[in-house]
Amino acid sequence: MKLYIMRHGEANYPKGSYSDRERRLTTNGEREVITTTNWLIDKQPKVDCVYVSPYLRAQQTASILLSHLKTGQKQNCDDITPDGHAGSVVSWLAAEIQQHGYESVVLVSHMPLVSYLVHELDASVQPPIFPTAGIAVVDFSPETLRGKFQQLLIAERCAG
């Protein structure tokens with residue numbers, strides 16, 4: 001099955017006191033998400049489910065993604081925040097995929113978790129540095145909890 005691990009789009013750093021959970025996408029971040037989403041639609045027009053972090057910037061990213069995909073469902077997951085544990089996430093995700101028979105899934109999360117997930121799935125790959133709105137494409141076997149990293153999509157490359 002295809003697993004797309006996506007980092008949220010560029011987010012603001014507001015002045016004053018704020019919670020990391022409340023950071024919003026910038027206008028550029030929204031454009032980045034639209035760019036990589038358009039690439040994704042071209043390669044994978046049907047997505048079964050989008051799992052998303054509860055943080056605002058990830059929620060906004062998933063909303064843009066789903067508004068363009070027009071397929072799939074959204075499911076929030078409290079375990080895919082920046083400090084999530086990659087091994088636990090892979091086990092949970094494999095069980096979800098097997099239970100529902102999904103063939104393509106997008107997981108919208110944060111650095112450093114997105115990097116650690118790629119390495120957890122394919123130990124031959126060093127944890128990549130994800131740009132904002134970057135998408136790692138992984139062929140994933142839920143039965144073995146292993147995957148094969150295919151590529152990392154970057155908004156600038158998708159646009160040009």
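**Close-up views of a predicted model**

View 1. A polar atom of the Ser-53 side chain lies 3.1 Å from the backbone nitrogen of Tyr-55. In this predicted model, local features need pLDDT of at least 70 and side-chain atom pairs count only at pLDDT 80 or more, while totals for chains, interfaces and linings use all residues. Residues are numbered from 1 along each chain as its sequence is written, and side-chain values use heavy atoms, with hydrogens and water left out. Ser-53 counts as buried because its relative accessibility is 0% (buried means under 20% relative accessible area, with a 1.4 Å probe and protein chains only). Leaving aside neighbours within four places in sequence, Ser-53 has contacts (heavy atoms within 4.5 Å) that include Ala-58, Cys-77, Val-108 and His-110.

**View 2. The largest nonpolar core.** Such a core is a set of buried Ala, Val, Leu, Ile, Met, Phe, Trp, Tyr and Cys residues joined through side-chain atoms within 4.5 Å. Of its 27 residues, Leu-3, Ile-5, Leu-117 and Phe-140 touch the most other members. Among the elements that each supply at least two residues are strand E1 (2-7) and helix H3 (86-100); H3 gives the largest share, 6 residues.

**View 3. Gly-29 in helix H1 (residues 27-43).** Gly-29 counts as buried because its relative accessibility is 0%. Beyond neighbours within four places in sequence, Gly-29 is in contact with Gly-9 and Glu-10.

Key. Buried < 20%, exposed > 50% of the residue type's maximum accessible area, 1.4 Å probe, protein only. Helix = DSSP H or I, 4+ residues; strand = E, 2+ residues; numbered from the N terminus. Polar contact = N/O pair within 3.5 Å; in protein donor to acceptor, adjacent residues only side chain to side chain.
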